[in-house]
Amino acid sequence: MLRKNIRLNEEQIKKLRDLSEFDGSDPLDHVTRAIDDYLRKQKTDLTLPAEKEINAEITGKSPEPATPGALWVNGIVDRYEFSALILKEPSKSAIDKDRISKLSILDPIIRENTNSFIAACIVNYDRGWDIRPSKIAQPYYQKVRDLIDALT
């Protein structure tokens, strides 16, 4: 059972009361049915891919002019794109105090449709976690980490 508070605006509350008065159902029943309907209509595949089934490759490398010895690495991991700033030496501000100072894994279709970098990210680290890998993003994150680790 998920326990989460959901705030309805005044118009939603009024419509819910009116509907409940009209058919005599409990307002909670209406909310539950609406959520069930919504979830049924979603075409979401929540199956996690096996890491060995994920294709990943580096498509570009370029030095970071502001940080001597640092390297930008770009690539693809299945339907996602990634970019990472790899430092020459381990750093306190890097992932796991290693050499990856910045890492973004994003969905290019969402970025194009929303014109928002952060809305498209499934993982984002910029000297600290902005978006940690979710259970679904974890295999893609791990594949990118393995690919980057193989560079060094």
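The model is predicted, so local features need pLDDT of at least 70 and side-chain atom pairs count only at pLDDT 80 or more, while totals for chains, interfaces and linings use all residues. Residues are numbered from 1 along each chain as its sequence is written, and side-chain values use heavy atoms, with hydrogens and water left out.

I start with the sheet. Helices and strands here are DSSP runs, numbered from the N terminus; a helix is H or I with at least four residues, a strand is E with at least two. Two strands pair if DSSP finds at least two bridges between them. Six strands make an open sheet, in the order β1-β2-β3-β4-β5-β6, with antiparallel pairing. The edges are β1, residues 56–63, and β6; each has a single partner strand, so one side of each has no neighbour in the sheet. From one strand to the next the twist averages 15 degrees. Between β3 and β4, which run antiparallel, there are six bridges. E81 is found opposite L106 in β4.

What does α5 touch when it packs on the sheet? It touches β1, β2, β3, β4, β5 and β6, and its direction makes about 135 degrees with that of β4. Contact means heavy atoms within 4.5 Å, and axes are lines fitted to C-alpha atoms, for helices over the stretch in contact, with angles from 0 to 180 degrees between N-to-C directions. Helix α5 covers residues 138–151, 14 residues, and reaches 20 Å from its first C-alpha to its last, close to the 20 Å expected at 1.5 Å a residue. That expected span is 1.5 Å times one less than the number of residues. The buried residues of α5 are P139, Y140, Y141, V144, R145 and I148. Buried is under 20% relative accessible area, exposed is over 50%, and partly exposed is in between, with a 1.4 Å probe and protein chains only.

Next, the aromatics. Rings of Phe, Tyr and Trp (its six-membered ring) pair if their centres lie within 6.5 Å; planes under 30 degrees apart are stacked, over 60 edge-to-face, and the rest tilted. The whole structure has three aromatic pairs. In one of them, Y125 and W129 have ring centres 4.9 Å apart and planes at 80 degrees, so the pair is edge-to-face. Y125 is buried at 7% relative accessible area, whereas W129 is partly exposed at 26%. W129 also pairs with Y141: the centres are 5.8 Å apart and the planes at 65 degrees, so this pair is edge-to-face. The W129 and Y141 pair links distant parts of the chain, strand β6 and helix α5, twelve residues apart. Y141 is buried, at 7%.

Just after α1, G24 has a positive phi of about 75 degrees. H30 lies in helix α2, residues 27–41, and is buried at 11% relative accessibility. Leaving aside residues up to four places away in sequence, H30 touches L16, L19, S20, D23 and S25.
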